[in-house]
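Have the sequence and the 3D view ready as you read.

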Amino acid sequence: MPAKSPKNKAAAILEQPLVLIHGDDDFAVSQRARQVCQDWCEEVDGMDHEVIVATAANAGEATKALGCVHEALQTLPLFGGTKVIWFRDCNFLGDDRTARAADVSSGLADLAAELKSFEWQNVKLLVSAGKADKRKGFYKTLAKLGYVESFEALSINDREWAGKAEQIVTAKFRAMKVKVEYDALSEIVQSVGPDRRALISECEKLSVYVGDRGVATVIDVDSIVTRGKHARAFALGDALGDRNLPALLRRLDEELWATRGDKN
């Protein structure tokens, strides 16, 4: 699927009756799916919407959840208009034991077949899930019929993780209408590390801290942003390598407090 600008992407999702949002970044998937559901509900301006929690502990629960989707698709809106269905937090689209169970595989195949022939005039279906297996028929059906977005978790093993994290931070500050100095932006990323949820949380905390000033500086970051485990380790190593005793003691104190907090 070709890349789309944010504006075109938003418009494309509003127009689609079938959307899959998936990935191993649970926080990003949840946030994005919630926004899509909200946008759909506001667009159709109806009351008859349904959320089906699809987190299954075993094949039986997964099969039951799939049955609820069938029922929701076949139930017409009580008050007319368009019905929004959110199949939320599905955890059996991958390749784990539950996903491989015969009943689940056949249930997904049946649902895929239903979606292919379904009349979408008065229904919108949103599926949010963990990482989905792109080789399976259900994924291919959703990709062909609807719109798919994937969110991969940031990883320290990815050489480009810092650049991706900077994009997340930049977008968050832009949404909050807060300017951030480039050095401060880099400091946030290096302090927090490859954790989308923590990055967004620290951006929000920093926004409150700078207040009406509206500009975040390196000094602000040093004052308020909580360092992640990897950042504390690097800072400790740098202080030791530089033979900077005051900095070394300060970093050791930070690490001891963090360790005490983890135990609690």
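## The big picture

Of the 264 residues in the protein chain, 41% are buried, where buried means under 20% relative accessible area with a 1.4 Å probe, counting protein chains only. The chain has 12 helices and seven strands; these are DSSP runs numbered from the N terminus, with helices being H or I of at least four residues and strands being E of at least two. Among the contacts with a separation of 6 or more, 74% are between residues 24 or more positions apart, a contact being heavy atoms within 4.5 Å.

A quick word on the source: this is a predicted model, where local features need pLDDT of at least 70 and side-chain atom pairs count only at pLDDT 80 or more, while totals for chains, interfaces and linings use all residues. Residues are numbered from 1 along each chain as its sequence is written, and side-chain values use heavy atoms, leaving out hydrogens and water.

## The sheet

Five strands make an open parallel sheet, in the order β2-β3-β4-β1-β5; strands pair if DSSP finds at least two bridges between them. At the edges sit β2 (50–53) and β5, each pairing on one side only. From one strand to the next, the twist averages 15 degrees.

Over on the β2 side, four bridges join β2 to β3 (residues 83–90), and the two run parallel. Here isoleucine 52 is opposite phenylalanine 87 in β3. Helix α2 (residues 26–44) packs on the sheet and touches β1, β3, β4 and β5, with its direction at about 170 degrees to that of β4. Such angles run from 0 to 180 degrees between N-to-C directions, using axes fitted to C-alpha atoms, for helices over the stretch in contact.

## A closer look at β1

How many residues of β1 (residues 18–22) are buried? Five of its five are. Leu18, Leu20 and His22 point one way, while Val19 and Ile21 point the other. In a regular strand, side chains alternate between the two faces of the sheet.

β1 pairs in the parallel sense with β4 (residues 123–129) over five bridges, and also with β5 (residues 147–150) over four. Isoleucine 21 stands opposite serine 128 in β4 and opposite glutamate 149 in β5.

## Two helices crossing

Now find α8 (residues 182–192) and α9 (residues 196–210): their axes come within 10 Å and cross at roughly 130 degrees. That makes α8 oblique to α9, because angles under 35 degrees count as roughly parallel, over 145 as roughly antiparallel, 65 to 115 as roughly perpendicular and the rest as oblique.

Ile188, Val189 and Val192 in α8 meet Ala198, Leu199, Glu202 and Leu206 in α9.

Note on methods. Buried < 20%, exposed > 50% of the residue type's maximum accessible area, 1.4 Å probe, protein only.
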